[in-house]
Amino acid sequence: MDKPLLTVIIPVYNTAEYLSRCIESVINQTEHNIEVVIINDASTDASDTIIHNYITTDSKINYIKLSHNIGVGNARNIGINTARTKYISFLDSDDWIDAAYYEKMLEQIELNHSDICISGIKTEVDDIYSWKYQYQYPSNFTINGKRCIHALTNQYNSDISISPIVNNKIYCKELILNNYIEFDKSRRAQDLFFSFMGFVYADKVSICNNIYYHYYQRNFSATHNFTTQYVDDYFYILFTLKSELESRRLFLLYQKEYEKYVNHYMTKLINNMFHNVQNADEQRSYIIYILKKAADLISIEKIMQYIDLTRLKDFWALR
């Protein structure tokens with residue numbers, strides 16, 4: 001076997017029910033020159049037993065078992081610092097990937113000398129017939145980092161849209177280490193920061209078609225529980241991103257994109273709230289809370305530029 005090109009970083013926390021599916025999808029890749037770093041974040045279920053069943057038969061797996069829970073962000077950071085390869089990627093332990101996923105992704109990132117490579121995403125639920133494309137691309141092509149930020153923040157309508165999740169991407173490890181990009185300790189929304197900062201420093205990004213990351217959505221996952229803490233996590237990360245851009249003297253360069261990012265997630269949070277909260281008084285309370293959080297980051301005038309007044313009028317008219 002040649003020296004591995006890619007490290008696949010898999011944080012694990014109490015996902016025993018799905019873990020074998022995830023690991024099987026990695027160790028059976030058509031690309032063999034990869035190493036796998038599994039970080040068990042102090043799971044209390046059968047995850048440790050399942051991982052041990054694989055490490056006894058597959059030498060490419062490097063297993064790190066933590067004595068106490070540190071969160072997915074810190075676990076990913078450990079994986080980055082452990083990786084010995086040119087490229088790194090992230091895989092959530094309840095997700096999986098296509099069989100030729102890393103072969104095709106590495107082919108494109110190497111061919112184009114890119115800093116990042118992006119694939120499409122299929123959103124999966126328990127019914128195998130109910131998957132849907134969340135992101136897909138018509139061909140293999142390259143764009144620059146600035147264009148990626150526009151696609152990430154929905155700066156304008158385009159045929160290219162990019163998800164903030166880090167899992168459907170391969171990163172050049174030097175890009176991450178040389179620019180001191182790391183995950184935050186917050187439980188949610190860390191990918192918003194990591195992806196934005198990665199594209200800030202990326203000269204060239206490869207887009208890979210006809211290959212997919214399978215993003216599994218559990219009905220009881222944190223994504224489907226709406227609380228003020230859920231809102232706080234998103235705005236904390238957006239605040240951290242603004243502070244980081246300011247400290248690196250980059251904020252003025254990306255101010256429009258940042259403002260659009262805040263407005264995009266403000267809208268997404270409100271939509272998510274309507275989906276999960278049915279009581280009208282609670283809905284009003286959450287809208288006020290979200291708008292106040294957004295106003296701490298950008299002016300109310302900027303917020304109003306992006307609000308759909310027709311939808312807002314319809315909402316208040318119906319209640």
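Here is a short chat about the structure shown above.

Visitor: Hi! What kind of model is this?
Guide: Welcome! This is a predicted model.

Visitor: What does the C-alpha trace span along its principal axes?
Guide: About 65 × 40 × 40 Å.

Visitor: And how many of the residues count as buried?
Guide: Of the 319 residues in the protein chain, 55% are counted as buried. The accessible surface is about 15,300 Å², and 49% of that belongs to carbon and sulfur atoms.

Visitor: Switching to aromatics: how many aromatic pairs are there?
Guide: A search of the whole structure turns up 15 aromatic pairs. In one of them, the ring centres of Tyr-230 and Tyr-234 are 5.3 Å apart with the planes at 50°, so that pair is tilted.

Visitor: Where do Tyr-230 and Tyr-234 lie?
Guide: Both are in helix 8, which covers residues 228–247, and they are four residues apart, about one turn of the helix.

Visitor: Is Tyr-230 buried or exposed? What about Tyr-234?
Guide: Tyr-230 is buried, with a relative accessible area of 3%. Tyr-234 is also counted as buried, at 11% relative accessibility. Both belong to one aromatic cluster, whose members include Phe-196, Phe-226 and Tyr-254.

Visitor: Which ring does the charged end of Arg-21 sit over?
Guide: The ring of Tyr-216, at 4.8 Å from its centre. Likewise, the charged end of Arg-76 sits over the ring of Phe-183, 4.8 Å from the ring centre.

Visitor: New topic: how many salt bridges does the structure hold?
Guide: Eleven salt bridges. One of them joins Asp-48 and Lys-65, with the closest N and O atoms 3.5 Å apart. That pair links distant parts of the chain: Asp-48 is in helix 2 (residues 47–55) and Lys-65 in strand 3 (residues 61–65), 17 residues apart.

Visitor: What does Asp-281 form a salt bridge with?
Guide: Arg-284, with the closest N and O atoms 3.3 Å apart. Asp-281 counts as exposed at 56% relative accessibility, while Arg-284 is partly exposed at 24%.

Notes:
Residues are numbered from 1 along each chain as its sequence is written. This is a predicted model: local features need pLDDT of at least 70, side-chain atom pairs count only at pLDDT 80 or more; totals for chains, interfaces and linings use all residues. Side-chain values use heavy atoms; hydrogens and water are left out. Rings of Phe, Tyr and Trp (its six-membered ring) pair if their centres lie within 6.5 Å; planes under 30 degrees apart count as stacked, over 60 as edge-to-face and the rest as tilted. Helices (H or I, at least four residues) and strands (E, at least two) are DSSP runs, numbered from the N terminus. Buried means under 20% relative accessible area, exposed over 50%, partly exposed in between (1.4 Å probe, protein chains only). A charge sits over a ring if NZ of Lys or CZ of Arg is within 6 Å of the ring centre and within 35 degrees of the ring normal. Accessible areas come from the Shrake-Rupley method with a 1.4 Å probe; for residues, only the protein chains shown count as cover. A salt bridge is a side-chain nitrogen of Lys or Arg within 4 Å of a carboxyl oxygen of Asp or Glu.
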